[in-house]
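Thanks for coming, everyone. I'll keep this short. Have a look at the model first, then we'll walk through it.

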Amino acid sequence: MTSKAPAAVDRQDVLAALLVGAVGLAGLWFGRGLAWGQASAMGPGYLPLGISWLLITIALLLGARAYLGPKRKLPAMNLRPLAVITAASLLFGFLLERLGLVCTTFVVAVLASFASADSSLRERLVLAATLSIASTVVFVFLLGQPIRLWWWLE
Amino acid sequence: MTLVESLLAGFSVAATPSNLLFCLLGVTLGTLIGVLPGLGPTATISLLLPFTFGLDPVTSLIMLAGIYYGAQYGGSTTAILINLPGEASSVVTCLDGYQMARQGRAGTALTIAALGSLFAGIVGSFVIALWGPVLADFARGFSSPEYFALMVLGLVAAIVLAQGSLLNAIAAIMMGMFIGLIGIDRTSGVARYTFGQPELFDGIGFVPVAMGVFGLVEIAVNLEQTQGKRQVLSQVGRLWLTRDDVAKAYRAVLRGTGIGCLLGILPGGGAVLGSFASYALERRVSRDPARFGHGAIEGVAGPESANNAAAQTSFIPLLTLGIPSNGIMALLMGAMMVQGIAPGPEVMTSRPELFWGLIASMLIGNLLLVVINLPMIGIWVKLLHVPYRILFPTILIVCCVGVYTLNNSIFEVVVMAGFGVFGYAMRKSGCEGAPFLLGLILGPLMEEHLRRAMLISFGDPSVFVTRPVSAVLLLIAVLLFAFAVIPSVSLMRAKTFEED
């Protein structure tokens, strides 16, 4: 498909090795105070630390395969949707107890809609308003969830 | 109690107005998400979980189960009409279903898919009713070594049957187990990886994790794919089958049902595997394999029966052994535990209304699904036109509100967002979400059983091989794994998941 020379490593395996290795190392580092115990009386660290070592081993194997195995590229990635979706969820968490459900849903829905480029401003606003009303009716009035609706209400 | 008496008792549970209503709600939602491409059963069940915790356990299980098998019906509609699988389990239905639709036989394809699913669903439900009690009786004598061995077998099967690389699947399971161990260790009382956060003392909730890994990641991945204009074939045509159609399809339905029932029971199995295996089988036994890919009715009848049969029978390991066989069952297992029910062989004796009520609801639900799917097909066709840019902010809001209402905790919203990013990295590095979720749910249980087994044996690991049942289970696990790494088999594994 492409005329470029094949990459020296399998990018997907490298990403996997980094991810798995990071979890393993974090497990060892943050669990360094946990006692191993022994097989007949396992301490709190027995399994988490054991798994961390296993994860590091897997990461090394993945790293080795990246060099020795077939060389694939990373699958197509576009970080904008992920970034916007993540930001929208965090914003929801930040605003909900400050502004109440009605406003939060509206703001978050408008922000989230920007994860997709093909939408008009009018459509974004109408959708957000609809979602704001719908979530109030469904979650609070119908399902009776105790969520604050406006910032002045308890 | 005889089977008939148990089933009647089940119907008296499933036929109460509220259970009927939630069964209908479940299968309708299932059809809806089956029809909408880009919203799968795992994501839907995870984002609806918070709202089911207020319901009676039986009612919530009836609804969640309905979503799963309902999605198998709806998934075929999209596959046939727009050549886009609504569900992973309908991928192979596209091959011949869409060709049938282009030849003006969409109605025929939809009918055979629905009727095949109905037959398979009924057979699958009876398989649960017949084999469930037998397996539960067998498992009642299990103690920690057997449970540990069983869970190892379940995880190995999940690794072997996962798509893609074995190493990545192992990594996904192990990361899941690690995350599952966060929180206060129940035996020693020591806090593990909690960073002093009281919210983490009870561990990371599986619902926010599942919502991040399935819900948010699905949105992000769907949005980054460039969406071409889909051509919807809204001309459904005649729904009736001709005598010739029936003659060609009924054997495929029978074979699909059989293979689906079998693969559904296997740990690691489920609807997706069932449909792929059935398509491969149909092509092999056909006298004229060249017709496949050009609108062969068997290519729709077999896989669509198989995925529904497997969707039913994959409940067997969960309800009788307490072992989830796939990601969705892991979610349901988590839901049961939140409701205070420990899934396992005791469920059948301590909560018979749950087991039999669920089976009866499956029989009712499958009938409802044919009504929902065939006469009302026009409504679902209209829904195919809903653009994703409207859909995804809706899904996101449901995720956010749902995860917040679990414990009225902002912290869990943040956890969900974090696992969205983590899940995206996993997806892009070839680690699937389903094995991760299995590890997450089984991790703490395995630790407990391993600990108990080693405590009884004074630290002697031979306890796992001297007890016959656990020895056999572990032997199967070892053989299965060895089998999967044999080069010729791993090639076959890759082929099963290929699309043609």
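Of the 500 residues in chain B, 62% are buried. Keep in mind that this is a predicted model.

Next, overall shape. What radius of gyration does chain B have, and what would a compact globule have? Chain B comes in at 22 Å. A compact globule with 500 residues would be near 23 Å, so the two agree. Along the principal axes, the C-alpha atoms of chain B fill a box of roughly 70 × 50 × 50 Å.

Now the secondary structure. Chain B has 23 helices and two strands. How do the parts of the chain meet? Take the contacts in chain B between residues at least 6 apart in sequence. Of those, 80% join residues at least 24 apart.

Chain B exposes about 18100 Å². Carbon and sulfur atoms supply 67% of that area. As for charge, chain B carries 26 positive and 27 negative side chains. The centres of those two sets lie 9 Å apart.

Let's zoom in on two residues. Start with B:Leu47, which sits in helix H3, residues 41-52. Is B:Leu47 buried or exposed? Its relative accessibility is 9%, and the cut-off for buried is under 20%, so B:Leu47 counts as buried. Beyond its neighbours within four places in sequence, B:Leu47 contacts B:Met211, B:Ile395, B:Val398 and B:Cys399. For a sense of distance, take B:Leu47 and B:Val469. They are 422 residues apart in sequence, and their C-alpha atoms are 38 Å apart in space.

Now B:Ser275. Helix H11, residues 271-285, holds this one. B:Ser275 has 0% relative accessibility, so B:Ser275 is buried too. Setting aside neighbours within four places in sequence, which residues does B:Ser275 contact? They are B:Ser89, B:Val92, B:Pro303, B:Ala306 and B:Asn307. Look at B:Val92 in that list. B:Val92 and B:Ser275 are 183 residues apart along the chain, with C-alpha atoms separated by 7.0 Å.

Last, the partner chain. Here 63 residues of chain A are in contact with 57 residues of chain B. How much area is buried between chain A and chain B? About 5100 Å², and carbon and sulfur atoms give 79% of it. On the chain A side, A:Leu19, A:Met42 and A:Leu82 lose the most area to chain B. Together those three account for 11% of what that side buries.

That's the tour. Over to you.

Notes
Residues are numbered from 1 along each chain as its sequence is written. Chains are lettered from A and ligands numbered from 1 in the order in which they are written. Side-chain values use heavy atoms; hydrogens and water are left out. Helices (H or I, at least four residues) and strands (E, at least two) are DSSP runs, numbered from the N terminus. The radius of gyration is taken over C-alpha atoms; the globule rule is 2.2 Å times the number of residues to the power 0.38. Buried means under 20% relative accessible area, exposed over 50%, partly exposed in between (1.4 Å probe, protein chains only). Contact means heavy atoms within 4.5 Å. Accessible areas come from the Shrake-Rupley method with a 1.4 Å probe; for residues, only the protein chains shown count as cover. Lys and Arg count as positive and Asp and Glu as negative; His and the chain ends are not counted. The place of a charge is taken as NZ of Lys, CZ of Arg, CG of Asp or CD of Glu. Buried area is the accessible area (1.4 Å probe) that two parts lose on being put together, summed over both.
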